[in-house]
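Please read the report below alongside the sequence and the structure.

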Amino acid sequence: MTYNFEIAIPSFNRADIIANRTIKLLKEMKVPKRKIRIFLRDMEQLEQYKETIGNYKYELTGQSGILATRNYLRTYYHEKNGLRGVLFMDDDIEQFNTLDENNKLIPVENFMETLSQMFLTTEDLGFRLFAPSAYNNNFYMKDKISTNLKYCIGAFMGLVIDKSKPCIHTDIDHFEDFLFSIEHFLEDGGVVRFEKYAIKTKYFELKGGICGSMGGLENRRKNMDENAKYMIDRYGNDICRLKMKKWGADLRLNYRYKRSISI
C-alpha cells in the first residue's frame, strides 16, 4: 500500500535540533531521503544545514516567520505536480507513537505505510486535512478516527492535494494550525483526526524556530494573546473559545459545531 506524498520540514536556525530529532527519527523509521524536503530561508541557512545533516532536497523560501513560511509551503505544494499529498512536519519531532492492544504507547512500526493509510483514509472520506491526536498521552488517545471540528496540530499535519479546491492560507502566525483546522472544516466539511497516534515534541523551544524568529518567548506570548483574540473575533465563541494557561492564551475548538451549508 503506497501513496505518493512528500514530507515537508520548515526549519530556521536549528540544524543541530533537526539532526538530533526529526531527521534522526525519520532515519530510524527508514524514510527514504527522496521523500524529504527541507525548507530554509536563505543560502546562509543552507550552508549550515548541509554541513550538519548533509545532502537532502532543500528549498529556499526567502520567507521570514511562520505565517509567510506556512503560506509559501501551501502554495508550493498546491502548484507542484506529481504528488497526491504532503506531510508538514516540524523539525523537532522525537517520536511518532501509537497505542498497543493494552492501551500503552509504543513507537509506530511501518511509518511510511501508516502515513499512506492515513492519506488514503482521508481522501476516501472526501476530506483534505488530517493529523494525529494533539496529546502524546494514552489517557486522551483512542483507537478511533474522528471527522468533526478538532484541532489538527501544525507540527504533524497531512494535506491531500486537491487542485480543484482553493489553496487555504493563513493571515496569522501563532494559532495558524487552528485557523487551518477551522478553514478546512468549513471548506471541506470535516477534518480527520487519527486518535490512536501522537507525536512527542518539545513545544516553546527557545532556540530558532518560532521563538527565534519572533525575538524571544515574551514576544511570542504577546503574539499569542493578540492572535487568540483575533480568532475569537473572527470565528466567534460557537466555533472556538479562549483558554488561559500558565504560558499564555490558548484556544479550544467546539467539536460539536455543525457546518452551515448554503444552497
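## A loop and a surface patch

Tyr135 sits in the loop between strand S7 (129-132) and strand S8 (145-146); helices (H or I, at least four residues) and strands (E, at least two) are DSSP runs, numbered from the N terminus. Its relative accessible area is 36%, so Tyr135 is partly exposed. Buried means under 20% relative accessible area, exposed over 50%, and partly exposed in between (1.4 Å probe, protein chains only).

Together with Phe139 and Tyr140, Tyr135 forms a nonpolar surface patch of about 380 Å² accessible area. Areas come from the Shrake-Rupley method with a 1.4 Å probe, and for residues only the protein chains shown count as cover. Patch residues have over 30% relative accessible area and no salt bridge; nonpolar side chains (Val, Leu, Ile, Met, Phe, Trp, Tyr) are joined within 5 Å, like charges within 9 Å.

## About the model

This is a predicted model, in which local features need pLDDT of at least 70 and side-chain atom pairs count only at pLDDT 80 or more, while totals for chains, interfaces and linings use all residues. Residues are numbered from 1 along each chain as its sequence is written, and side-chain values use heavy atoms, leaving out hydrogens and water.

## Fold and core

The protein has eight helices and 13 strands. Of its 263 residues, 52% are buried.

The largest nonpolar core has 75 residues, and Phe96, Phe111 and Leu115 have the most contacts inside it. Such a core is a set of buried Ala, Val, Leu, Ile, Met, Phe, Trp, Tyr and Cys residues joined through side-chain atoms within 4.5 Å. Helix H5 (residues 111-124) contributes six residues, the most of any element. Beyond neighbours within four places in sequence, Leu115 is in contact (heavy atoms within 4.5 Å) with Phe5, Leu87, Phe96, Phe130 and Phe156.

## Salt bridges

The whole structure contains 15 salt bridges, each a side-chain nitrogen of Lys or Arg within 4 Å of a carboxyl oxygen of Asp or Glu. In one of them, the closest N and O atoms of Glu123 and Arg84 are 2.6 Å apart. Glu123 lies in helix H5 and Arg84 in the loop between helix H4 (66-79) and strand S4 (85-89), so the pair ties together parts 39 residues apart in sequence.

Asp188 and Arg128 also form a salt bridge (2.9 Å, N to O). Asp188 is in helix H6 (residues 176-188) and Arg128 in the loop between H5 and S7, 60 residues apart. Asp188 is buried at 8% relative accessibility, and Arg128 is buried at 4%.
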